[in-house]
Amino acid sequence: MADTVVPDPASLSYEEARDELIQVVSRLEQGGATLEESLQLWERGESLAARCEEWLLGARQRLEAARKNAGDGSVGGDA
């Protein structure tokens, strides 16, 4: 992992971050990495998990806003 360029988690879609997180967890579970590699994988995993959480929080906020608007009758009128 030290020799490869990895994208900034902030630039990843939810699906990209989730898929990479799955790979990171798998590599950690397999073992065999040096302590330094394991630490780098852990840190990357933490960043990816935080990015996924950002996406999920944003989605939750959008759903809540849509529900409020639907309850107010201001979205989806009888066009």
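**Ground rules**

I am working on a predicted model, where local features need pLDDT of at least 70 and side-chain atom pairs count only at pLDDT 80 or more, while totals for chains, interfaces and linings use all residues. I number residues from 1 along each chain as its sequence is written, and my side-chain values use heavy atoms, with hydrogens and water left out.

**The chain as a whole**

I find two helices and zero strands in the chain. I take both kinds of element from DSSP runs, numbered from the N terminus: helices are H or I with at least four residues, strands are E with at least two.

I noted that 14% of the 79 residues count as buried. The accessible surface of the chain is about 6,100 Å², and 53% of that belongs to carbon and sulfur atoms. These areas come from the Shrake-Rupley method with a 1.4 Å probe, and for residues only the protein chains shown count as cover.

Then I checked contacts, meaning heavy atoms within 4.5 Å. Of the contacts in the chain with a separation of 6 or more, 77% are between residues 24 or more positions apart.

**Helix α1**

I looked at α1 next, which runs over residues 14-30 and has 17 residues. From first C-alpha to last, α1 reaches 24 Å, close to the 24 Å expected at 1.5 Å a residue. The expected span is 1.5 Å times one less than the number of residues.

Which residues of α1 are buried? I get A17, E20 and V24. They sit on the same side of α1, because they cover an arc of only 70° around the axis. I take that arc from the directions from the helix axis to the C-beta atoms.

On the face turned away from the buried side of α1, I see the exposed residues I22, Q23, E29 and Q30. Just after α1, I noted a positive phi of about 75° at G31.

**Helix α2**

What covers the buried residues of α1? The cover includes α2, residues 35-72.

The buried residues of α2 are L41, R44, G45, L48, R51 and C52.

**Back to E20**

E20 is in helix α1. Leaving out residues up to four places away in sequence, I find E20 touching L12, R44 and L48. E20 and L48 are 28 residues apart in sequence, yet 7.5 Å apart in space from C-alpha to C-alpha.

**Salt bridges**

How many salt bridges are there? I count three, taking a side-chain nitrogen of Lys or Arg within 4 Å of a carboxyl oxygen of Asp or Glu.

One of them joins the side chains of E20 and R44, at 2.7 Å from N to O. This pair links distant parts of the chain, with E20 in helix α1 and R44 in helix α2, 24 residues apart. R44 is buried, with a relative accessible area of 7%.

Another is between R18 and D19, whose closest N and O atoms are 3.1 Å apart. R18 counts as partly exposed at 32% relative accessibility, and D19 is partly exposed as well, at 37%.

I also find E54 in a salt bridge with R51, where the closest N and O atoms are 2.9 Å apart. Both lie in helix α2, three residues apart, about one turn of the helix. E54 is partly exposed, with a relative accessible area of 47%, whereas R51 is buried, at 15%.

**Last stop, R51**

What does R51 touch, not counting residues up to four places away in sequence? I find P9, A10, L12 and A17. A polar atom of the R51 side chain lies 3.1 Å from the backbone oxygen of A10.

Definitions and conventions: Buried < 20%, exposed > 50% of the residue type's maximum accessible area, 1.4 Å probe, protein only. Polar contact = N/O pair within 3.5 Å; in protein donor to acceptor, adjacent residues only side chain to side chain.
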